[in-house]
Amino acid sequence: MKTSIATVSISGNFAEKLEAIAAAGFHGLEIFEQDFIAHDANPREVGEMIRAMGLEITIFQPFRDFEGLPDPLRAKAFDRAEHKFDLIQELGTDLMLICSSCHPEAIGGIDRAAADFHELGERAKKRGLRVGYEALAWGRHVNDHRDAWEIVRRADHENIGLILDSYHTLARKIDPDTIRRIPGDKIFFVHFADAPAIDMDLLYRSRHFRNMPGEGDLDMIGFTRAVMATGYSGPISLEIFNDQFRGGQPKTIAKDGYRSLLALMDDVHRAEPALALTVPDMPARIQAKGLSFIEFASKGQDAETLGALLSSLGFTACADHLTLDLTLWAQGDIRILVNRETKGYASSAFTLHGTNVCDIGIAVEDAKEAAERAQLLGADLFEQPIDPKHLKIPAIHGQSGGILHYIDDKTGLSNVWDLEFTNRAEPSQAAGLTRVDHMGHTMSYEDMLSWSLFYTTLFDLKKSAMVDVVDPDGLVRSQALESSDGSLRITLNGAETHKTMAGRFLAESSNASVQHIAFATDDIFASAQRLEACGFAPLPIARNYYADLAARFDIDAATLARLRAQNILYDEDARGKFFQLYSRPFADGMFFEIVQRTGGYEGYGGPNAPFRIAAQKRLMRQKGIPNVRPQMS
């Protein structure tokens, strides 16, 4: 399986694009004409530079407005093609893409277009070159791959073939199974691009909202199965136009692209095993069984403050690590670790971010398989020197520098709490908190697709629709990822400005990732009473909220009074009810949440977010006052 990516998919200058593509592991690349023109080396030098990086040029693109033109425009189109033939020969490739014409003077007619391509094929043959024809979804006369194929078929020339593009087929809602009728040897190249399901002009959506396979809503698996069923054996190549990517990091985008192609081909292989695909043999998406632990890096007074907050939430410091300055706080099935080490990864994480969640343990069926899949999809394994007596628990680098550990029962890794910790006390049930309901990651909006791809290619998670969260100072985009049984729920919150609470957290924590953790309870009113006894100070909610709540929902007066008295927020949908209680902000804007779900409520209390954020901002440092973090000795 030969992987490729168009240079237009990557941000940066031409040299940065090439370096990122090579580092990600791609076999080749498509040179997008504008990237080449903006570069200052000649074609031969560019070709040599690319090959020196271990890459090949899979195609040169795009050549526009060729077929169906009247003279003298037709003659000029052939002259332009000859000029590009000179160029690609100098570059050292043999394939050029022609997209269906949008020229206002182009004349329709399949036979006319076929005749143009037959003549071009003769010219290409003399040079040992090939030409691929692609139907643009907005083409003037040809906007369907079936019509493009008919033109190629009637051109009847060995040097003329079809180019397919998932976006152009799927955005127009064309049945991808129509591709199965096309001979594989006449398909010269295939582009892969996903896109969100939004009602928008096809051209505008293509130019601004394409994304990596798995990041959007198109039937990428159905399209790819149809292509591979033809016997196609050429490159699988990404062609992505996306405003978020244009401002992103080249190496991150390229790495995401490579991961998306491998995950897509693995999905296709599992959906239709009879297809002859050369794909890496990797474990299936991992079924997460929940969070095994959440580890904070903290020191000095910060760690004392965090400990006091955990105590007020009903947690007990129930065990200490045998060799590390690491304390286990527990309640119900929740494990919170506080790491005060002065060396190693956690210490470095604290130096960079202040108090932050530096490590997350995810419970899985087979930790070795989970790490193997992650590594095959481009994740870097995490290792640091450990005591020979310690369990070697598989771990990978997550997003934003965090660490993910995999814990299983199968190989005894879940015994780490008995083997590496000395008990102080039994785990607490003080506040009735039972497990982690969900965990909220915060990132820049431009990085949201990358985070989503990371989690959904590693774990078997479904994505919710993206929603807008209103902050008094801007918008935050939010999307939830969750396992089918709800054992693992993650929310991704993309900040577009540092004025929002989410953006402020990123700025002041130097891009720490986890901003909030939500704990579940079976009775939030009982938990609120028990928390009060533990000394917990809830987030004060404006009284206006409860007056509005009475108008929005049919809530009896006694329940409404309890909600107001205990600062509990409320939401409901057709399936159930949802209750929320928040801590006050700490450590650059982190916070805890306590939730109760009844019935089949599936959301996260989105309608309450503006009121929660406003309440949190009232307690935080006022605008314009700088944040001075105390030095830790």
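**Helix packing and salt bridges**

Author: In this predicted model, α4 passes α5 in a right-handed crossing.

Reader: Which residues make the contact of α4 and α5?

Author: On α4 they are R74, F78, A81, E82, F85, D86 and Q89, and on α5 they are D116, E119, L120, R123, A124 and R127. Sorted by class, this contact has 5 nonpolar, 1 polar and 7 charged residues.

Reader: At what angle do helix α4 and helix α5 pack, and how far apart are their axes?

Author: Helix α4 (residues 73-91) and helix α5 (residues 110-127) pack at about 30 degrees, and their axes are 11 Å apart. Angles under 35 degrees count as roughly parallel, so α4 is roughly parallel to α5.

Reader: Changing topic, how many salt bridges does the structure hold?

Author: There are 44 salt bridges in the structure. One of them joins E33 and K84, with the closest N and O atoms 2.4 Å apart.

Reader: Where in the chain are E33 and K84?

Author: E33 is in helix α2 (residues 33-38) and K84 is in helix α4. The two are 51 residues apart, and the pair links distant parts of the chain.

Reader: Is E33 buried or exposed? And what about K84?

Author: E33 has 17% relative accessibility and K84 has 16%. Buried means under 20% relative accessible area, so E33 counts as buried, and K84 likewise counts as buried.

Reader: Which salt bridge does E158 form?

Author: The side chain of E158 meets that of K125 in a salt bridge, at 3.2 Å from N to O. Because E158 lies in the loop between α6 (145-155) and β6 (160-165), while K125 is in helix α5, the pair ties together parts that are 33 residues apart in sequence.

Reader: What separates D256 and R259 along helix α11?

Author: D256 and R259 are 3 residues apart in helix α11 (residues 250-271), so about one helical turn separates them. Their side chains meet in a salt bridge of 3.3 Å, N to O, and both residues are buried.

Reader: Finally, which residues do salt bridges that share partners join into one network?

Author: That network consists of R74, E82, D86, D116, E119, R123 and R127.

Technical notes
Residues numbered from 1 in each chain as written. Predicted model: local features only at pLDDT ≥ 70, side-chain atom pairs only at ≥ 80, totals over all residues. Heavy atoms only, no water. Axes fitted to C-alpha atoms, helices over the stretch in contact; angles between N-to-C directions. Helix = DSSP H or I, 4+ residues; strand = E, 2+ residues; numbered from the N terminus. Parallel < 35°, antiparallel > 145°, perpendicular 65-115°, else oblique. Left-handed = near helix turned anticlockwise from the far one by under 90°. Contact = heavy atoms within 4.5 Å. Nonpolar A, V, L, I, M, F, W, Y, C, P; charged D, E, K, R; others polar. Salt bridge = Lys/Arg side-chain N within 4 Å of Asp/Glu carboxyl O. Buried < 20%, exposed > 50% of the residue type's maximum accessible area, 1.4 Å probe, protein only.
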